[in-house]
Amino acid sequence: MSCSEDGVVAFLAGELSEADERAFDEHLLHCEECWQAVHADRAARFALEKLRQPAPAGLQDRVTLAVAIAGADAPRRAASSGRLATLPVRRAGQRPVARLVAAAGFLIALAAGTIAWAGTKGQPADPPQVAAVAAMMTPGSSPAKALQAGEHMVIAGQELAVRAYLMDGRETIVATSARPFSVPPTSHVLSGPSPKAWMATKGRLSMYGVNRSGGKQSMFLVSVMPMAELPGVAAHLGLI
Amino acid sequence: MSSKVNDEDRAFLDAALPHLDVVYRVARYASKDHHRAEDLVQETYLRAYAAFGAHRGDSTKAWLVTICLNLARSEGRRRARRPAETPLPPFQDREAPGVSVPEEALANIDRGSVSRALSRLPEDQRLAIVLMDLAGHSASEVADMLGCPRNTVLSRVHRGHKRLASLLVEEDVTR
């Protein structure tokens, strides 16, 4: 048998007849060039095994969320065009730190049972924790220092930590708690690998949450951005 | 009332999520922008989801991988139109020399070295290797995806393997 790349390729692909394979085996004993070609090919395959790693943890959640958003967002947008609530917008001159005061006022009003989302008549109210965190949003402003550092508070008997980030110039607030959060009644529950993950939209706000059991931190994030961008943000923040 | 993921979403996820590892590997190594791999995977699944109703193929894996490849190429073309960023070391497109591959050189080679060596291969060889060795496709499937004869795929894989082994030995020597 003479040397040829086609012969080496066919041998490596297991495509030679039994007789040709025996002949090629014999050839390899005497031909340094073909032997090296076969050896290098097998060595490379062996090395490439190291790259057969699984997808990063969290990517499946991210994809599941993105698909659920794609499935839920379009019809919801079409059906509710112009009817969804708009959240209170920060008034000119209002200092970012004032959002905590506003949230406290919101909670007092909530406790007194006198408040509903402005413009959300007909929609069931969100759980107090979700509503209070959403009320801290001041779209277009930098996060308050206290929120950037991480604010601890108790809302409706549940301890939670709230932290704010500025993502591409847009504020994102993340709340975490050792207890699962109540899920907003208008949410879309995801049945992916994350237990009890949910998403919801409220006006310009997008929300995504994951409830975990066994003392693990549950969390949800609120942001002023299209739902489709939320999986990337959640991944960036290490939440999924 | 909370709603569950609907049946259409569920059907798509059941069919497509088992191939997530493979799609990720293709996204990670088919293009040189490793940092965008997760975004590329998400984009792949969203495109696939949008087209799932029309998907009649036998192999969902091959279908997803093809979408991922097309997106990676589009991204590559967009990048090519931009000013050059950080140039990679020049690659001489020559036949890999006969190389003696010491067993010990490859036994201790780390994943990063293999990844770097793979990224230095010519695109046609790298793609063929990614699709066959990392995604587990047959030569015939890869030929369909790349639109070239099956023997061409096998030749590209073999040449890529030889070049890769050579690069890994070089890296081991210079380490």
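Good morning. In this model, 44 residues of chain A are in contact with 44 residues of chain B, two residues being in contact if their C-beta atoms, placed from the backbone, lie within 7 Å. The model is a predicted one, in which local features need pLDDT of at least 70 and side-chain atom pairs count only at pLDDT 80 or more, while totals for chains, interfaces and linings use all residues. Residues are numbered from 1 along each chain as its sequence is written, and chains are lettered from A in the order in which they are written.

On the side of chain A that touches chain B, H3(A) gives the most, with 12 residues. Helices here are DSSP runs of H or I with at least four residues.

I turn to confidence. The mean pLDDT (the predictor's confidence in each residue, from 0 to 100) of chain A is 74, and 74% of its residues reach 70 or more. Confidence in chain A is highest in H3(A), at 91, and lowest in helix H5 (residues 98-111), at a mean of 42. Over residues 76-121 of chain A, pLDDT stays under 50. Where pLDDT is low, the predicted coordinates should not be read in detail.

Finally, the core. The largest nonpolar core has 104 residues, and Val65(B) is among those with the most contacts inside it. Such a core is a set of buried Ala, Val, Leu, Ile, Met, Phe, Trp, Tyr and Cys residues joined through C-beta atoms within 7 Å; buried means that 20 or more other C-beta atoms lie within 10 Å of the residue's own. Beyond its neighbours within four places in sequence, Val65(B) is in contact with residues including Val22(B), Leu131(B) and Met145(B).

Terms used: Helix = DSSP H or I, 4+ residues; strand = E, 2+ residues; numbered from the N terminus. Buried ≥ 20, exposed ≤ 12 C-beta atoms within 10 Å, placed from the backbone.
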